[in-house]
Amino acid sequence: MIQLGYYTTTAAFFIALLGIGLAIFASAKKRNDAYEAARNAVVACAFFTTIGAVAVVYAMLVGDYQLEYVWAHSDRDMPLLYKIGALWGGQAGSLLFWGFLLAVYSSIAVMRHRKDRLELMAPAIATMLVVIAFFLGTVTFASSPWDRASFIPPDGRGLNPLLQHPAMVIHPPCLYLGFVGFTLPFAFAMGALVSGRTDAEWLKKSRVWSIIAWTFLGAGNILGGRWAYVELGWGGYWAWDPVENAAFMPWLAGTAFIHSAMIQERKGMLKIWNMVLVTITFLLTIFGTFITRSGLISSVHSFAQSSIGYYFAGFLIFLMIAAFGLILMRRKELSSAQQLDSFFSRESSFLLNNLILLGGCFAVLWGTIFPMISEAAQGVRISVGPPFFNQIMIPIGLALLLLMGVGPLVPWRRSSIAGLKKLFSIPVVLALIAGALLLLLGVSHAYALVTFSICAFVLVTIVTEFARGIRARQSSSGTGVLRSLFDLFAKGQRRYGGYVIHLGVVIIFVGFAGAAFTRDGEGTLRRGESLEFHGYTLTFRELLQNKLPGVDEVSAEVMVSKGQTPLAFLYPQKNFFKKSEQLASEVAIHSTWGYDLYLVLGDYADDGGSASFKVYVNPLVRYFWFGGIVMVFGGLLVLWPMPRRGALAT
Amino acid sequence: MRRRPAPRPGVPRLAALGLLLLLGMLAANPVPTSAAPQTSVEEVARQLMDPCENCKGKLLSSCDCGPAATLKQEIAQKVEAGLTADEIVAAVVAERGEWLRAAPPKSGFNLLGWLLPFVLIAAGGFGIWAFLRTAVAGAKEPRTSAVQSGPRPASSRELLRPAVEAAPVVSATPSAANEDPERYRKQLEEELRRMER
């Protein structure tokens, strides 16, 4: 079974190469038989790569430790889920996993679009297969999970302790589904460029795939934050780490693309811009992997580094030349009539939204690579850490938040100053009232105050939009509120699903603003001693030791109380993983909607007589997670198959 | 017919003024990494990176590893000696290297790092303004002048024609057309209608 995986993955690589040739031939000669064969090649790739991925998981499950990859990333004592998750816990496995997801994704896409025209689809399939072939090629020739040692070790070394967390079973697949997902819109764009069919057809084909990719990437980012929060023990969920940035950049560019695509669909404008945006988004997914794998930029998240990064660099350069070369070649076909009725229109607000999103994306990219640029220019190694990103990104984020409230209120085509005044009076006044109330309640931090006020503004605009829609439905069809709400989603799925996504983002920003009020401190306590921290009393009661197969756990029992009222018992841990000889912290969190009390165990006396703690009070963190859930839910609403209009009418 | 009451002109102005005031407050306040009243050690630790190579990219304030603890002790001694946060950061950086500074100083070449994103956003804003001006002017031009100045925009039916003629349609192949030209014509018409919808 395990060897079969190797052979099928290698076969998939060669099938992908063959498929590329067939797709190019089909495109050049307009041959349906070759087109069909290329399509079958994608499906065959998916089938064979699936066997490859299953074979590696099978090797983990049966404990074939002669396979170096299995030995390095699993052991007998690991729970089943982590053994499965070990597939993407290291370099070779994660590349195989990427190739597998991409092949499956692409095969679903080609089957879904099997009745579509050859001209656009054949080069799109060639593009998909080029990317599949690259990943399978790296797995086959550069970083193989099937390399065998000359002896059979009795047990594996185990998965990196930091990766042994439930979020890590879901977080990487979500990110990969996001990264992989943006391959398809890119492929359709390349199909359009090669075939010269530069109308909105490729955008229509891309729509659902873009939203799937965007939703997964968003979910992946949030889950990554959750993992960092509970596993890394530094009190936060986002540190502007290069790997976090690498996953965030395509999400920003993808968001810009999804918005900008609407203008082309409605007005036939921005054809070149959309091609550029989808290309940037896709290239950023590869760039992110390049960062993670090359080791050029150090990160707490990169667990798989090697010279393979240079393969990614080469591939990136090839893709850039090919994609931008095609865009340049087709610039005449892509040029469109530039006609807008007014400066003040939904179209203009989308353009501003694109500017801010791409500006943010560039700022993140710039901050990520600036240490290298600075070292090359000045010969001095510098760091670009959270203080830099916070100063740059907070104003950009706030501008984006503001636009999120402005955009939906401005009508398509045209508006007037008087019309805008009418539209914005109530949301702005309510936002100012919210700001004033918070000021009266003692919130004096400027950024937090502005963030909360803008959140209120956007919230009012979203509620207003829903209220208007429901009222209109009620007056036209006489239905109740819930039925009208359902009809709104059914008829304007994209629009109202989009508003739910916006709502999620607003809630996330509330969580961000809470970070302005974080308190942290540290202290060493003897057994029975207490520490007063911003209104909370933390009493160290005892040290508990638990020896499990493969891991020694040490946890401190800490009673948290406020005044005389006990709130919770917390058990922050330090775990020693014997096989990998690594120490990992497990933080303890008392979470409410108001704040998180976040406790990390530091050093301790072996006899349990004393222990040191790091403690954080993190306000409003729960809103970040909740906002993430709402955002993903909004994405699912947009994607959910709703009854057709005819069905609704009956 | 009932008329909606006109919005009071003072309200939007008041709102705009309030928003400006809020933004002014924002501009007047530097961005803190935390608003908490900080001990000096914490304040300094938030401006420095962790010196440990294993704790890649972490702030000193958020790490408990051995090298971080040693550096924090050094900082505590400097705090006790009465040095300000800036002086301590400068001393640590001078001793251990510029890379320990969590953000590059806003001077010299590093200023490029701080300013370029905003410069590009401003340039992009100008580009959008120029684009909008052209686009709005384009929409205001009378249709006849557009015809005179350039080729007439083709209808979607016209745009589709060459592609339809050149390409073997997957669902209706040329052989199908030869076999049943009437069915082929109907299907073509149907597809064109669908495209124009």
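A:His502 is buried, because its relative accessibility is 15% (buried means under 20% relative accessible area, exposed over 50%, partly exposed in between, with a 1.4 Å probe and protein chains only). This residue of the predicted model lies in helix H19 of chain A, residues 493-514. Helices here are DSSP runs of H or I with at least four residues, strands are E runs of at least two, and both are numbered from the N terminus. Leaving aside neighbours within four places in sequence, A:His502 is in contact with A:His259, A:Met404, A:Pro408 and A:Ile462 (contact means heavy atoms within 4.5 Å).

Of the 22 residues in H19(A), 18 are buried. H19(A) reaches 32 Å from its first C-alpha to its last, close to the 32 Å expected at 1.5 Å a residue. That expected span is 1.5 Å times one less than the number of residues.

## Basis of the model

The model is predicted: local features need pLDDT of at least 70, side-chain atom pairs count only at pLDDT 80 or more, and totals for chains, interfaces and linings use all residues. Residues are numbered from 1 along each chain as its sequence is written, chains are lettered from A and ligands numbered from 1 in the order in which they are written, and side-chain values use heavy atoms, with hydrogens and water left out.

## Helices H2 and H6

H2 (residues 32-62) and H6 (residues 118-142) of chain A have axes that come within 10 Å and cross at roughly 30°. Axes are lines fitted to C-alpha atoms, for helices over the stretch in contact, and angles run from 0 to 180 degrees between N-to-C directions. H2(A) and H6(A) are therefore roughly parallel to each other (angles under 35 degrees count as roughly parallel, over 145 as roughly antiparallel, 65 to 115 as roughly perpendicular and the rest as oblique). The crossing of H2(A) with H6(A) is left-handed: the near helix is turned anticlockwise from the far one by less than a right angle, whereas clockwise would be right-handed.

H2(A) contributes A:Asn32, A:Tyr35, A:Ala38, A:Arg39, A:Val42, A:Cys45 and A:Thr49. They meet A:Leu118, A:Met121, A:Ala122, A:Ile125, A:Leu129, A:Ile132 and A:Leu136 in H6(A). By class, this contact has 11 nonpolar, 2 polar and 1 charged residues. Ala, Val, Leu, Ile, Met, Phe, Trp, Tyr, Cys and Pro count as nonpolar, Asp, Glu, Lys and Arg as charged, and the others, Gly among them, as polar.

## Helices H7 and H8

H7 (residues 166-181) and H8 (residues 183-195) of chain A pack at about 5°, with axes 5 Å apart. H7(A) and H8(A) are therefore roughly parallel to each other. A:Phe179, A:Val180 and A:Gly181 in H7(A) meet A:Thr183, A:Leu184 and A:Pro185 in H8(A). The contact divides into 4 nonpolar, 2 polar and no charged residues.

## Positive phi in two loops

A:Lys30 sits in the loop between H1 (2-29) and H2 of chain A. Its phi is near 55°, a positive value in a residue other than glycine. A:Lys30 counts as partly exposed, because its relative accessibility is 34%.

A:Leu270 is found in the loop between H10 (242-267) and H11 (271-294) of chain A. Phi of A:Leu270 is near 60°, a positive value in a residue other than glycine. At 12% relative accessibility, A:Leu270 counts as buried.

## A:Gly602 in strand E9

A:Gly602 lies in strand E9 of chain A, residues 595-604. Its relative accessible area is 10%, so A:Gly602 is buried. Not counting residues up to four places away in sequence, A:Gly602 touches A:Lys574, A:Ser612 and A:Phe613. The C-alpha atoms of A:Gly602 and A:Ser585 are separated by 8.6 Å, and the two residues are 17 apart along the chain.
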